[in-house]
Structure formats: structure tokens, C-alpha cells
Amino acid sequence: MTTTRCAEPIAFSMLIDYWLGELGQAEETRVEEHLLGCGACTASAQQLADVAQGIRTLFTQGFVSAVVSDAFLERAASHGLRLREYAVPMGGSVQCTVGPDDDLLVTRLEAALDGVEQVDMLMLDTHGKGVERVRDIPFNAATGQVVMSPRTAAIRTLSAHTAQIRLLAIDREGERVIGEYTFHHSPWRSS
Amino acid sequence: MLQPSYAECLDEDPDHTGLDDASLVRRIAGAGTAGGEAEAELYRRLSPRVRFYGLRHLRDEQAAADLVQQVLMMTLERVRAGKLRRPEMLASFVLGTCRMVVLDLRRTYARRERLLTTFGEDVPLADPSSSPRLDHDRLLHCLDRLPEREKSVLVLTFYDDRAAAEVAGELGISEANVRVIRHRGLQRLRDCVTRGGTS
């Protein structure tokens, strides 16, 4: 078999399953034997591994925002990541900052999520003007909160300001506000 | 029937890159000490494949590099000595060797971890970062363009390589849904990154 092209390449979905250990034993052996005999499929698989590593690196360096979960944050903390968390009740506000040693900022937005089908997140600036709308964010209704990690690296560079987040429930009848949260950000001050 | 000499093979096909793996193995077996270039070609082909296997099972760049070194040394020795009786089964032989060496490496690293736990503060740590194989600026640009669900599923999955069932439990959605979102997100990412070129 040449290394330039494969006559029967392994499907991308199967490479993902293989990388994450989701194949049965026999299928895993078949995939591994194919990969060890095929440079083309190995190159595809390596591309997947590189993307996975890239996502991990970019997120842990604070360049990527994402809705996460409590279990995820426990794992991140157990791996040595330093988390700075802010829990904000509906209609509440918080004084916040980012320390030089903080790896990730985490915000916990309390919200009534039972029966909600879709949630959009609206970011508002100091004047209450919408600057970004994030549509259809994932959420676990059972937790009663939206847990997210914003772009920590970018927030670290910001001067003092106030920002708002508004959570909107979207359904066939339209949209309604299910929570508003205010963040009074200050740059880090060492004591 | 006499096998052609290594020199005769080179005359016929000096470029080893045109051979399949089994033919390359046969050429090395017949070359004795003169098979350097053919061995280099086999090493070049097998190295990324074994490295990927190492990344999948050991989840560590350095460990994967150790695996490559050991497995290829053992493989080349066997091939050189003409002991790989069925060259078409090279991949199968390499897989068996990988499995054996991974077990050994895990034991070695477990011992090392125990030592580091005991004496770790006295040991200067090597910088684990290595230059990324992918353009991270491009990847970030592509990640930012993903729908939020896809981005979250990918972060929750690949932060520490979690299976769909676990991510599903964390997000309160079905495992099947996670797999669909995951696949779609990765497909979009891959297309976006390769459109922009990789480093």
C-alpha cells in the first residue's frame, strides 16, 4: 500500500470514535492495523489529533469562550488550572477581575430554565447596547444555571468597565428575558 | 529461484518511495548491510503511524516519541534479519509490538510518577510545550465561527478526550445528539482550517 492515497480510507467519524476510545475491541484492532499500514489515513488521523490538541491548548490559555459544566470545572481544577468563579443571581451584579495567576474565569448565571427550549445570550455594553448575540447556547435545565468560561485572556487586558449579559428564552411565541446579570470589571490590583 | 540482489533492485527501481510496504520489507531483508536507504524509507513511513498510535494510547508527545524509537528499532532489526516471514503482515507485527511497548512504557512512567511525587520538588521540569503542528491563530478563528453548541461540545470533549456519553450527561442532552454535534463541529473545523492552510 502506498502512502499517498488509500483505496478504502477509514471514515472520519470512525477516526473520531477511535481517538476517543469509543470503538469495540475488534473494530479498534481493525482500525489500528489499517492505520499502521496506511500513511494517508494516519495523516488524516493526525490532523484530528492536532485539532484536539489545539482546542485543548487554546481553551486552557483562555482564548476560547464556552459553556461548560460543573463536572468539567472539577476536572480542570484537578488538573491544576486556577479558576476564578463568579456566581450571579438573576438580576444581580458582581464586582469582578482577573488575576495574573488565573487560568480561567467562570461565570455561573442563575436562571429558571425548566421548560425552556432554546436560550440565546445577549452581551450588552456599558450603555446597554447589544454588542454580541450568541444563539442557542447549550444548557442543562436541571442545574438551574448557565455555567460559562468567557475569553479570559481578552478580559485580562480590559480597563475598568461595566458589562451586562441577558439570557433570552426563545420559543414559537417569541423571546423573553429569563435573566440579566451585571459585571463591574476592574483590572487586577496587587495588594 | 534466486532473489535479485539489492544492487539489481536499485537498478530497476532506485526510488524506494514507489514500493508498497511489503516490497520495501523484502528489499531490506535481501540487502544485508547495504539497505540503508530502504530502511530510512521504511522508518519515514512507519514513524508517523506509530507516533499517532502512541498519542492515542499514551496521550503524551514525549511518550509517543519514546514509543516510535523503541518500536521502529525492534521492527527494523527483525526486518533486517529476514525474520518477518510474511512481509504483507508488517502492520500486524508493528501493532503487536506497539501494544507490548505501550504496556512497558506505562509501567516505566508509573514508576517515574511515584518518584516524582516523592522527590519531585528537587527535579527541574522540562518544558513540555512543543511548537504546534497546526496554525493556532487559524484554528482560533475557525473555532470562533462555530455555533455555540458545537464549540461547547468540542471543548468539553477534547479538553481531556471525553466520550460522548460523558459529555451528554454534563450538558443534559442525549449521547446520539452529542455525537452528531461533535462530528458536525469537527467537520466544519477541519474544512475551515484546511481552507486556510496549516503550518
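1. Ground rules. Residues are numbered from 1 along each chain as its sequence is written, with chains lettered from A and ligands numbered from 1 in the order in which they are written. As this is a predicted model, local features need pLDDT of at least 70 and side-chain atom pairs count only at pLDDT 80 or more, while totals for chains, interfaces and linings use all residues; side-chain values use heavy atoms, with hydrogens and water left out.

2. Confidence. The model comes with ipTM 0.92 and pTM 0.84. Within chain B, helix 1 (residues 6–12) has the lowest confidence, with a mean of 54, and helix 7 (residues 148–158) the highest, at 95. Helices here are DSSP runs of H or I with at least four residues, strands are runs of E with at least two, and both are numbered from the N terminus.

3. The cavity. On a 1 Å grid over the protein atoms alone, a cavity is a set of points where a 1.4 Å probe fits but cannot get out; a pocket is an open set with protein on both sides within 12 Å along at least five of seven lines, and lining residues have an atom within 4 Å of a point. Grid points are joined across faces, edges and corners, and a volume is the space filled by probe spheres set on the points. Helix 3 (39–60) of chain A and helix 9 (175–196) of chain B each put in at least two of the lining residues.

4. The second largest pocket. This one holds about 750 Å³ of space. Of its 35 lining residues, Met123(A), Pro150(A), Arg151(A), Ile155(A) and Ile165(A) lie nearest the centre. Strand 8 of chain A gives the most, with 5 residues. The lining splits into 20 nonpolar, 8 polar and 7 charged, where Ala, Val, Leu, Ile, Met, Phe, Trp, Tyr, Cys and Pro count as nonpolar, Asp, Glu, Lys and Arg as charged, and the others, Gly among them, as polar.

5. Arg108(A). This arginine sits in strand 4 (residues 104–110) of chain A. With a relative accessible area of 16%, Arg108(A) counts as buried (under 20%; exposed is over 50%, partly exposed in between, with a 1.4 Å probe and protein chains only). Its side chain makes polar contacts with those of Asp70(A) at 2.4 Å and Glu85(A) at 2.8 Å. A polar contact is a pair of N or O atoms within 3.5 Å; within protein, one must be able to donate a hydrogen and the other to accept it, and residues adjacent in sequence count only if both atoms are side-chain atoms.

6. Val64(A) is in the loop between helix 3 and strand 1 (66–67) of chain A, buried at 1% relative accessible area. Leaving aside neighbours within four places in sequence, its contacts (heavy atoms within 4.5 Å) include Ser149(A), Leu140(B) and Lys151(B). Ser149(A), in strand 7 (residues 145–149) of chain A, is buried at 0%. A polar atom of the Ser149(A) side chain lies 2.9 Å from the backbone oxygen of Leu105(A).

Methods: pLDDT = per-residue confidence, 0-100.
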